[in-house]
Amino acid sequence: MKITFRWYGSSDKITLDMIRQIPAVDGIVTAVYDVPPGDVWRFDSVAQLKEACKKAELSCEVIESVPVHEQIKLGGPLAKPYIENYKENLRILGQQGIKCVCYNFMPAFDWVRSDLNFAYPDGSHALAYKHDEILKIDPANQNMSLPGWDASYSKTELKALLNKYKAIDEEKLWKNLEVFLSEIIPVAAENGINMAIHPDDPPWSLFGLPRIITNASAVSRLLKLVDHPANGLTFCTGSFAAAKENNLLDIIKVATGRIHFVHLRNVKRENARDFYETAHLSKCGDIDMYAVLKELIDAGFDGYIRPDHGRMIWGEAKCGGYGLYDRALGASYIAGLVEAILKRRIIDNE
Ligand code: DNO
């Protein structure tokens with residue numbers, strides 16, 4: 001298992017030199033950020049990312065994300081050139097030694113929170129989601145943005161896009177995902193890449209848009225769409241666990257052998273559709289992190305894992321879950337749990 005850390009490239013306030021001082025971290029998860037979603041990345045840009053990581057003695061084998069252009073999610077003939085571009089990106093990434101590509105299939109918006117600065121009594125801040133607050137938002141008229149979001153749409157374009165999605169229900173979105181995967185999975189496999197779809201965050205429909213990667217049966221359906229090991233999952237604990245009805249251990253069982261990337265973070269559910277992000281430790285939220293990691297290891301998971309959103313602590317502000325300190329604590333916690341689980345196994349086998 002390789003513990004990785006997300007890095008937003010050379011404009012990230014958190015530098016590779018800082019990340020390399022986190023003893024638990026082996027590698028970087030990053031992306032090319034200067035190309036509009038849907039375009040082909042420059043070979044040189046990927047080479048530069050690899051070079052920068054190498055200099056910092058960190059591996060760079062995971063890309064999060066290669067964004068899926070909205071036209072692909074909307075389907076139809078207009079999707080074709082974007083699917084071809086996606087394949088070209090996979091070829092470029094394969095040549096550069098990338099082994100895993102994370103992506104999502106959420107229409108129009110990526111992850112959504114209602115509060116980016118929820119204050120805990122101890123002075124730390126975190127991301128939070130209150131469903132009633134979200135229901136009040138008109139997405140076409142609100143300036144919403146979170147790290148990693150596609151900010152390339154003007155308000156008018158966004159309105160037009162949301163209109164187009166009125167014709168797309170869940171089943172159509174599944175169909176468009178199937179078309180996309182049947183085209184790209186063979187190319188990913190030829191180029192030594194595992195595709196890892198990120199679950200919808202939160203895992204329910206928002207703003208009238210369909211969201212389909214939400215639970216164990218959706219994961220099982222996804223894996224069968226193209227039944228190939230390269231068609232896999234980013235197992236994001238916090239995304240799935242936002243819905244109380246999701247049992248993380250069941251999802252691991254359904255996806256055994258096909259989990260290529262793990263995002264580890266914890267959430268505290270308030271009621272059916274409200275939650276707060278917490279520190280990574282089991283005692284801080286609703287997820288039993290030991291049980292999750294043990295199940296993953298028992299299921300043979302040996303892929304990439306990263307601490308996901310952290311709280312903002314020790315004076316860090318406005319980093320939308322991607323500050324340095326709490327994620328570094330998360331990485332250390334993961335490393336501790338993994339070491340204990342693996343050592344216990346050796347003792348048990350003796
Ligand atoms: C949030 C992230 C997501 C993720 C994308 C993957 O912190 O987990 O933005 O990167 O959904 O495509």
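How far does a polar side-chain atom of His-198 lie from an oxygen atom of the ligand? Select both: the distance is 3.0 Å. That pair is a polar contact (N or O atoms within 3.5 Å; within protein, one must be able to donate a hydrogen and the other to accept it, and residues adjacent in sequence count only if both atoms are side-chain atoms).

This is a predicted model, where local features need pLDDT of at least 70, side-chain atom pairs count only at pLDDT 80 or more, and totals for chains, interfaces and linings use all residues. Residues are numbered from 1 along each chain as its sequence is written, and side-chain values use heavy atoms, leaving out hydrogens and water.

**Stop 1**

An N or O atom in the Ser-65 side chain is 2.6 Å from a ligand oxygen. The protein covers 99% of the 330 Å² of accessible area that the ligand has on its own (Shrake-Rupley method, 1.4 Å probe).

Next, show the 14 residues around the ligand (a heavy atom within 4 Å). Glu-64, Ser-65, Asp-110, His-309 and Tyr-322 come nearest. By class, the shell has 5 nonpolar, 5 polar and 4 charged residues. Select strand E4, residues 100–104: this strand gives the most to the shell, with 3 residues. Strands here are DSSP runs of at least two residues, and helices are runs of at least four.

**Stop 2: the cysteines**

Select Cys-102. Its sulfur is 7.1 Å from the closest cysteine sulfur, in Cys-100, too far for a bond. A disulfide needs two cysteine sulfur atoms within 2.5 Å, and the count by this rule is 0. Cys-236 is in no disulfide either; the nearest cysteine sulfur, in Cys-102, is 8.7 Å away. Cys-102 is buried at 1% relative accessibility, and Cys-236 is buried at 0%. Buried means under 20% relative accessible area, exposed over 50%, partly exposed in between (1.4 Å probe, protein chains only).

**Stop 3: salt bridges**

The structure holds 31 salt bridges (a Lys or Arg side-chain nitrogen within 4 Å of an Asp or Glu carboxyl oxygen). Pick Glu-270 and Lys-130, with closest N and O atoms 3.9 Å apart. Glu-270 sits in strand E10 and Lys-130 in the loop between strand E6 and helix H5, so the pair ties together parts 140 residues apart in sequence.

Then select Glu-133 and Lys-136, bridged at 3.4 Å. Glu-133 is partly exposed at 38%, whereas Lys-136 is exposed at 64%.

Finish with a network of salt bridges: Arg-6, Glu-64, Arg-113, Asp-201, Arg-265, Glu-277, Arg-306 and Asp-308.

Key
Ala, Val, Leu, Ile, Met, Phe, Trp, Tyr, Cys and Pro count as nonpolar, Asp, Glu, Lys and Arg as charged, and the others, Gly among them, as polar.
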